[in-house]
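Grab a pencil and open the viewer.

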Protein chains: 2
Amino acid sequence: MGRPRVTVIDIAQAAGVSKSTVSLVLQGSPLVKGTTRAKVVEAMNELGYVYNRGAANLRQTGSKSGIVGVVVNDLTNGFFAELAVGVDIVVQSAGFVQFLSNTGESIDRQREVVASMREHGISGLLVSPARGTDPSDFAPLVEAGIPVVVVVRSLPGGKLSSVVADNPSGVAGAVRHLVSLGHRRIAFLGGFQDTAVFHERLSGYRSAVTAAGFGFDEALVVPSAPSRAGGADAVARALAVEERPTAAVCFNDAVAFGACDGLRSHRLEPGRDFAVVGFDDVIEARTAVPALTTVSVDPQAMGRRAGQLLLKQIAAGGVSSEAVMTSVRLVVRESCGAPRLAAQA
Amino acid sequence: MGRPRVTVIDIAQAAGVSKSTVSLVLQGSPLVKGTTRAKVVEAMNELGYVYNRGAANLRQTGSKSGIVGVVVNDLTNGFFAELAVGVDIVVQSAGFVQFLSNTGESIDRQREVVASMREHGISGLLVSPARGTDPSDFAPLVEAGIPVVVVVRSLPGGKLSSVVADNPSGVAGAVRHLVSLGHRRIAFLGGFQDTAVFHERLSGYRSAVTAAGFGFDEALVVPSAPSRAGGADAVARALAVEERPTAAVCFNDAVAFGACDGLRSHRLEPGRDFAVVGFDDVIEARTAVPALTTVSVDPQAMGRRAGQLLLKQIAAGGVSSEAVMTSVRLVVRESCGAPRLAAQA
DNA sequence: TGACCATTTTGGATCGTTCCAACAAATTCA
DNA sequence: TGAATTTGTTGGAACGATCCAAAATGGTCA
């Protein structure tokens, strides 16, 4: 049980040197002679020494704890789990460990978790904020010189660094694909108008649609809850506009599935009578009937990218603000009505 | 940037008391007078004080760091993500934070991660070990009085506490269900023979099959890789034994899906010509065709249970060994050929 | 009033490490 | 040879909290 801890002093004694020398060895300093280093290392193995980062950290300026905090809003969601894995990979290979916590979209929980991480002296924080997060919640960290990187969802008024998917170009690519299939009236379905992601995606729609020379038609933009039910509802409303659309790009895959439901209840078969494109590429997208054409974002790659950015800022010491967009790609399946061959394009 | 840290001494000064008193307040001691406490708390808010756990920890005996380490072998797998969430819930509400890392089935990585966690002074470790983990890897922790709880996969020769699903009774229940549907020749398909989980599940099969009065037939046990391909292979071999089986319970859902593939290539329709039962209840089980009858383990509940056990051991101070089994339940869908009504039984 | 008690408060010493300035030993150079 | 330089090593003072024994405070009672 409570056996006395082995400390640098014990090592020093066993190796016949001073504790300062042991410390130097610990830090891999080139100042110590090879033979001395060997003696020390041997003593450490001998006695089963465990480095005490807490103590080291106490003395070290700038709290280089070697811990990065990672906070996600829903670990249950495969997307975020992948993201966390991506972060873990780069962070771990840089010799850091990751404090990972899940907020389950609760702002209170998020606050607690972040506070707790701060007490533990994290060197940086990576967060996929819960819905409705106030950006100023992170101000104290930034003021204290702790880098903060926001992922997936960007925060308005952002002085914070962020890594988000390239939403505009993802949607734009989807629109271009539909245009190339001959569609002229393309709707944009679903999503809450008060979120940053909605506006990013909508802007991609807008620019692609005008670039194609169709002009932007407000009536073809139908917001809704970003859920299956919302999608069904949205497509119904879209079908009611005069000069009805023949295709839609949806806010996300859930909306897209809902749109398919809605189409069927109007006796329209998605993929044949009406083209549907989603966003996210959730697992079911592949196996659904018809298989969903969608914009795929690689969450693990995103996690890696975000981890790199955070590490860079930690290394730089200062807190700078940088916004990164990770690329996305269109995965052509069946719901857009394109012949399967197009998938290879 | 590097603004000087606010310490207990600053607070003491601002509140006109001694640092000891501030410390008492920090620990919620009943010794301090209400008015004094209020002054101190106000000063803390005023100056934006952040508790330094590292420093506290240094002085405190027994390393009550308030950190628990959680190591899983595959965070990408929804099962483990859910598990981690379950752990997080109980651990967090007890005021601990969780260090979560992913090993991706790499033993080396696992070793690194555990070492790193130890350096950070975790108060307990919860681990779903990577395949091929040597139980003695955790001996140093146990010797140092740090509780270790193994989840999901139990480790042979286990002096360690563990929380695993009740594999025997899960499989036994599946067998009984098949018997009730009239099956007499039931195979056990898939899984590596050298894993503990395999033997646990097989033992459930064995006992249920003998309890039903059929006698245990070695030929009906067909191990294979615990994958889709392995399942296809296993079912093919099972169909080749004389007096061929009419049903199978599979090592896990992946094997079960493979078995369905294999059946079809033998012109047998799963659920109609041959009954298949899986284990795990992965997400696709519900949506597959036919929907998979399977044994469901609730990973989040398991995580909560494991978290509780770990906290209990941390609180107790000592390291005791306890083995917990979490209950499982059979989810009847279509692949076993039972009429849908049976699902309500 | 002074002895006694309960309640609050307090100044060091301490935890395990790193930093710093100073020292000893070995080497180089004039 | 002696001074200057390089190369290794070292003791003590931090870091920011907790613990302990002791002191201050206030009340009660003979």
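This is a predicted model: local features need pLDDT of at least 70, side-chain atom pairs count only at pLDDT 80 or more; totals for chains, interfaces and linings use all residues.

**Exercise 1.** By about how many helical turns are A:Asp233 and A:Arg237 separated in helix α10 of chain A?

*Solution.* Start with the positions: the two residues are 4 apart in α10 (residues 228–240) of chain A, so about one helical turn separates them. Next, recall that an α-helix has 3.6 residues a turn, so residues three or four places apart point the same way. Now look at the side chains: A:Asp233 and A:Arg237 meet in a salt bridge, at 3.2 Å from N to O. Finally, check the surroundings. A:Asp233 has 43% relative accessibility and counts as partly exposed, and A:Arg237, at 39%, is partly exposed too.

**Exercise 2.** Work out what span helix α6 of chain B should have, and compare it with the distance between its end C-alpha atoms.

*Solution.* α6(B) covers residues 107–119, which makes 13 residues. The expected span is 1.5 Å times one less than the number of residues. Just past the helix, B:Gly121 has a positive phi of about 75 degrees.

**Exercise 3.** Is B:Gln110 buried or exposed, and what is it in contact with?

*Solution.* First, find the residue: B:Gln110 sits in helix α6 of chain B. Its relative accessibility is 2%, so it counts as buried, the cut-off being under 20%. Then list its contacts, leaving out neighbours within four places in sequence: B:Thr103, B:Val127, B:Ser128, B:Pro129, B:Ala130, B:Thr133 and B:Phe138. Now widen the view to the helix. Buried residues in α6(B) include B:Val113, B:Val114, B:Ser116, B:Met117 and B:Arg118 along with B:Gln110. The cover over the buried residues of α6(B) includes parts of both chains: α5 (78–93) and β2 (97–102) from chain A, plus β1 (67–72), β2 (97–102), β3 (124–127) and α7 (139–143) from chain B.

**Exercise 4.** Describe the interface of chain A and chain B, then pick out its salt bridges.

*Solution.* Begin with the totals. On each side 36 residues take part in the contact, and the buried area is about 3,400 Å², with carbon and sulfur atoms giving 55% of it. A:Gln92, A:Glu119 and A:His120 supply 16% of what chain A buries against chain B, more than any other three residues.

Next, the polar side: there are 8 residue pairs in polar contact between the chains, and 2 salt bridges across the interface. In one salt bridge, A:Glu119 pairs with B:Arg53, with the closest N and O atoms 2.9 Å apart. In another, B:Glu119 meets A:Arg53 at 2.8 Å, N to O. B:Glu119 belongs to helix α6 of chain B and A:Arg53 to helix α4 of chain A, so this pair joins two chains. A:Arg53 counts as partly exposed, at 25% relative accessibility.

**Exercise 5.** How does chain A divide into domains, and what lies between domain 2 and domain 3 of chain A?

*Solution.* The assignment gives domain 1 (8–51), domain 2 (67–164 + 299–326) and domain 3 (167–297 + 330–344). The C-alpha centres of domains 2 and 3 of chain A are 31 Å apart. Their contact takes 6 residues from domain 2 and 5 residues from domain 3. Together they bury about 490 Å², 65% of it from carbon and sulfur atoms. From domain 2, A:Phe79, A:Ser154 and A:Met325 supply 47% of the area buried against domain 3, more than any other three residues. To finish, count the polar links between these two domains: 0 salt bridges and 1 residue pair in polar contact.

**Exercise 6.** Where in chain A is A:Lys159 found, and how far is it from A:Gln92?

*Solution.* A:Lys159 is in the loop between β4 (148–151) and β5 (161–165) of chain A. Its relative accessibility of 73% means that it counts as exposed. From A:Gln92 it is 67 residues away in sequence and 27 Å away in space, C-alpha to C-alpha.

Conventions:
Residues are numbered from 1 along each chain as its sequence is written. Chains are lettered from A and ligands numbered from 1 in the order in which they are written. Side-chain values use heavy atoms; hydrogens and water are left out. Buried means under 20% relative accessible area, exposed over 50%, partly exposed in between (1.4 Å probe, protein chains only). Contact means heavy atoms within 4.5 Å. Domain bounds come from an automatic or database domain assignment. Buried area is the accessible area (1.4 Å probe) that two parts lose on being put together, summed over both. A salt bridge is a side-chain nitrogen of Lys or Arg within 4 Å of a carboxyl oxygen of Asp or Glu. A polar contact is a pair of N or O atoms within 3.5 Å; within protein, one must be able to donate a hydrogen and the other to accept it, and residues adjacent in sequence count only if both atoms are side-chain atoms.
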